[in-house]
Each structure stands twice: as C-alpha cells, then as structure tokens.
Amino acid sequence: MTQKFDVVVIGAGPGGYVAAIKAAQLGLKTACIEKYQDNEGKIALGGTCLNVGCIPSKALLDSSWKYHEAKVGFAIHGIEAKGVSIDVPAMVARKSNIVKNLTGGVSTLFKANGVTLLEGHGKLLAGKQVEVTALDGTTQVVQAENVIIASGSKPIDIPPAPVNHDTIVDSTGALEFQSVPKTLGVIGAGVIGLELGSVWARLGADVTVIEAQDKFLPAADDQIAKEALKTLTKQGLKIRLGARLTASEVKKKQVTVSFTDAEGEQQMTFDKLIVAVGRRPVTTDLLATDSGVELDERGFIYVDDQCATSVPGVYAVGDVVRGAMLAHKASEEGVMVAERIAGHKAQMNYDLIPSVIYTHPEIAWVGKTEQQLKGEGVAVNVGTFPFAASGRAMAANDTGGMVKVIADAATDRVLGVHVIGPSAAELVQQGAIGMEFGTSAEDLGMMVFSHPTLSEALHEAALAVNGHAIHVVNRKKR
C-alpha cells in the first residue's frame with residue numbers, strides 16, 4: 001500500500017524540518033525525507049546549518065575568540081594568564097558534541113509533533129508522488145497532497161582548486177582541522193571565508209584571503225564595509241582584493257596557488273587552502289523530467305513570492321530558491337508555506353531579512369544600504385554612533401565599530417540599520433523589530449533604553465539621524 005500524506009517535505013534542513021513541524025502542528029499528516037549521514041553513519045537532521053554550517057562554525061568562532069582573549073585580552077583587566085594553549089582536537093570535539101545534541105533535538109521534535117521521518121533520498125515524480133530511495137538502495141513511492149522541496153545547497157567547486165579533502169578543503173573540511181596550519185589560504189572573502197579565516201587566524205595561522213572582486217563586502221553598507229576591512233586587516237587577515245585564482249598545485253603536503261591581480265601574476269604557498277566561493281542549489285536527481293517543476297537560468301527552483309512552484313501543490317523553500325542563502329530565511333519560508341497549505345493567510349516580509357557575519361567584531365545589517373538608497377534617488381538622513389563612546393563597550397574592552405541608522409529624509413521612516421561591533425546581530429534585530437512596525441528614527445529616539453547597555457548605541461544613532469544625539473557631537477546638516 002502506498003503511504004499517503006497531506007504534506008511531504010524533501011530535506012530536513014532549517015527550511016524543511018521547520019516546515020514539517022509547523023505543518024504537523026497545524027494538523028496535517030506530515031512526512032520529512034532526509035539522507036544526510038553523520039560520521040557514525042546515522043541519519044542526521046538539521047541540514048547544512050546544524051551539521052556543517054551555522055552551528056559548528058559559531059562553536060569554533062566562540063572557542064577561538066576565548067583563546068584569543070585569554071592570550072592577549074586578559075591583561076588589561078588585571079588578569080594574568082600564562083602558558084595559555086589550545087587543544088584543537090578538544091575544541092573540534094566540543095563542536096561535534098554541540099552538533100550531535102542539536103540534531104538529536106530535531107529528531108525529538110519530530111517525534112513529539114508526529115512527523116514521520118523517511119530515511120533516504122527524495123525525488124519528486126509526476127502527480128505529487130515522491131520516490132524515496134533508502135540507504136540500502138530499496139525504493140518506495142509516497143503520495144502527497146502537497147510537497148515542499150527543501151533540498152538546500154552545497155559548496156561551489158572551482159576548477160582551479162579542486163577539493164581533495166586534505167590540503168584543499170571546502171567549508172565542511174575547514175571545520176575538521178586537527179591542528180593549526182602555519183599558513184592558510186582562503187579563496188573568497190564572503191561570510192564563510194571571513195568567519196573560517198578568523199577562526200584559524202586567532203589560533204595562530206598566517207591567513208591570506210584571496211578575493212576576485214575589487215570591492216570588499218559589496219552587499220554591506222560602504223561605510224560598514226570599509227570599517228570591517230580596516231578592522232580585520234588590523235587583526236592579521238591579509239585580504240587580497242581583485243585577485244583571480246587561476247591554478248593550484250599540491251606538492252609535499254602544501255598547495256601553491258596562482259592568481260592574477262593589479263600587479264600581474266602572483267603565487268603563494270599554503271599548508272591548507274579553504275575554498276569558500278559560495279554555494280549552489282542541490283537539485284541532483286531531485287526532479288523527474290515529468291515532475292513539471294521548473295528551474296531558472298541559475299539552477300534554482302522557480303517560485304513566486306509565496307514559494308509556490310509552477311506545479312499546484314508543490315512548493316520550494318530555502319537555499320534551493322531565489323534570495324539570500326540564510327537559515328532564518330529558509331525557516332520562515334517553511335512556516336509561511338505550511339500555513340498557506342493549511343488555509344491560513346501568510347506572507348513573509350523579504351525586505352527585512354537580517355544578514356550577519358560572525359567575525360569579531362560582528363557585522364550585521366537589515367534593510368537597505370546608503371548606496372542602494374542613493375542609487376534609487378531616495379533622500380536620506382543618517383545617524384551614527386561609535387562604540388568608542390559607549391560606556392558598556394568600554395567596560396567590556398570592546399569599543400571597535402559603530403551603529404548606523406538610515407532614515408527617509410521626508411518621512412523619517414527607518415530604512416536601514418547597519419552595525420559593526422559587539423553584539424551587532426542582536427542590535428540589528430532590535431532595528432528589524434522596529435522597522436517591521438514602520439518605526440521612525442524619532443520613535444526609536446523617544447524610547448527608554450536601559451543604561452549602561454550596548455543597545456544605547458542604537459538609541460544614540462537614531463537620535464543622531466535628526467541631530468539630537470546626546471553622547472556624541474552631532475554633525476551639522478549641510
């Protein structure tokens with residue numbers, strides 16, 4: 001007998017598992033298909049984010065920052081710490097244990113909410129049927145009233161530097177180093193490259209980041225990006241912009257890369273090379289030729305604003321569709337789709353998806369950048385506040401960076417909040433909450449912020465938009 005479900009979800013990453021849980025909570029008979037296996041050969045839920053992405057990288061970022069602080073940051077507090085060392089295998093094992101706990105937590109949530117887990121590879125057939133190929137090669141076909149595709153993404157491979165899982169690794173391999181490389185090359189100065197480069201630089205590696213684009217962090221606000229480049233360079237990351245990789249050669253456990261930049265042909269040799277040039281959607285053997293689901297010119301599944309595909313009753317969410325490849329974006333799309341399947345009215349606000357880079361200081365933003373708004377011809381007022389003027393940041397010895405608030409000059413409505421500094425992600429989320437409700441800079445300025453806190457920097461930046469900051473000198477309007 002063919003199993004029948006109201007909803008079948010292909011993929012148990014942040015988009016898929018959240019969609020499955022939400023659908024089950026809404027009273028829909030739900031199954032979720034997953035094939036990813038952990039190092040023990042067991043099915044591991046949570047997708048890239050929980051297993052080899054967001055969570056493990058943050059574990060290593062936090063561990064490496066604590067080590068860095070103990071080595072060079074304790075003295076100013078009067079704390080003497082001699083002979084500080086790092087046990088890399090223990091650090092990596094802690095990371096793996098966190099991953100195991102969280103993936104196990106998703107499994108528990110499936111059971112608690114009545115989601116049926118189907119282990120194997122899911123493939124959409126015609127008529128909203130889904131073929132499930134188990135790990136042992138056996139197949140079954142399940143019938144669904146609705147299908148949600150959440151197959152995710154994987155690292156992009158580039159011909160000049162093929163991954164060998166030893167000297168040349170992708171972002172997954174960079175989470176498993178058992179010792180600190182003396183020299184480390186990173187191809188790509190995006191979120192992944194900067195985060196992973198930061199981890200190993202803090203632990204003592206000599207890190208060079210090679211980026212093909214001439215502009216650093218082009219998605220970020222220009223002022224924030226310039227501050228980030230200055231700060232990360234000061235921390236020891238050697239960032240080579242406008243450098244296009246042309247070849248690599250592995251010899252005697254080292255890799256020599258060739259690239260061209262403004263100065264011509266260049267070569268550098270590293271103990272390890274991380275390829276972090278982005279990710280691409282996973283659609284391999286995902287769609288039968290007669291499934292009816294269409295891909296766009298870049299290989300993403302084509303969907304509308306509600307994540308519906310070209311086939312009624314079939315949806316797609318997360319990294320396999322248009323938009324930012326962010327776990328929180330995937331999760332909210334999963335919730336939206338589940339609610340729409342259940343007959344509820346739901347729409348996600350794509351204008352207010354926060355972006356975060358978890359370097360130290362953190363870099364985060366929501367809404368539009370100043371250059372975007374100027375390009376659109378929107379007149380704006382801008383307020384900034386440096387953490388160097390924050391009492392709470394001084395107390396923590398973490399005064400780098402600033403908060404920037406951008407508001408419409410005519411209406412005072414906040415159009416963007418951009419932060420580089422301590423707890424940037426949390427401060428930007430405060431801005432996102434206000435922006436969701438149409439806040440003006442004046443509204444934020446009239447609110448009472450507790451003292452002393454880092455969030456006062458957001459308060460002061462909002463006040464500065466209209467020249468009313470208290471704890472910094474206001475810029476004279478032109």
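Helices (H or I, at least four residues) and strands (E, at least two) are DSSP runs, numbered from the N terminus. The model is predicted, so that local features need pLDDT of at least 70 and side-chain atom pairs count only at pLDDT 80 or more, whereas totals for chains, interfaces and linings use all residues. Residues are numbered from 1 along each chain as its sequence is written, and side-chain values use heavy atoms, with hydrogens and water left out.

Two cis peptide bonds were examined. The bond from His360 to Pro361 is cis, with omega near 5°, and Pro361 lies in the loop between β18 (355-357) and β19 (362-367). The bond from His451 to Pro452 is likewise cis, with omega near -5°, and Pro452 is found in the loop between α11 (441-446) and α12 (456-465).

Positive phi values occur in residues other than glycine. In His165, phi is about 65°; this residue lies in the loop between β7 (153-155) and β8 (168-169) and, at 66% relative accessibility, counts as exposed (over 50%; buried is under 20% and partly exposed in between, with a 1.4 Å probe and protein chains only). For Ser423, phi is near 55°, and the residue, in the loop between β22 (414-421) and α10 (424-436), is partly exposed, with a relative accessible area of 34%.

Strand β20 (residues 380-386) is largely enclosed by the rest of the structure, because five of its seven residues are buried. It pairs with strand β21 (residues 402-408) in the antiparallel sense over seven bridges, where pairing requires that DSSP finds at least two bridges between two strands; the bridge partner of Val382 in β21 is Ile406.
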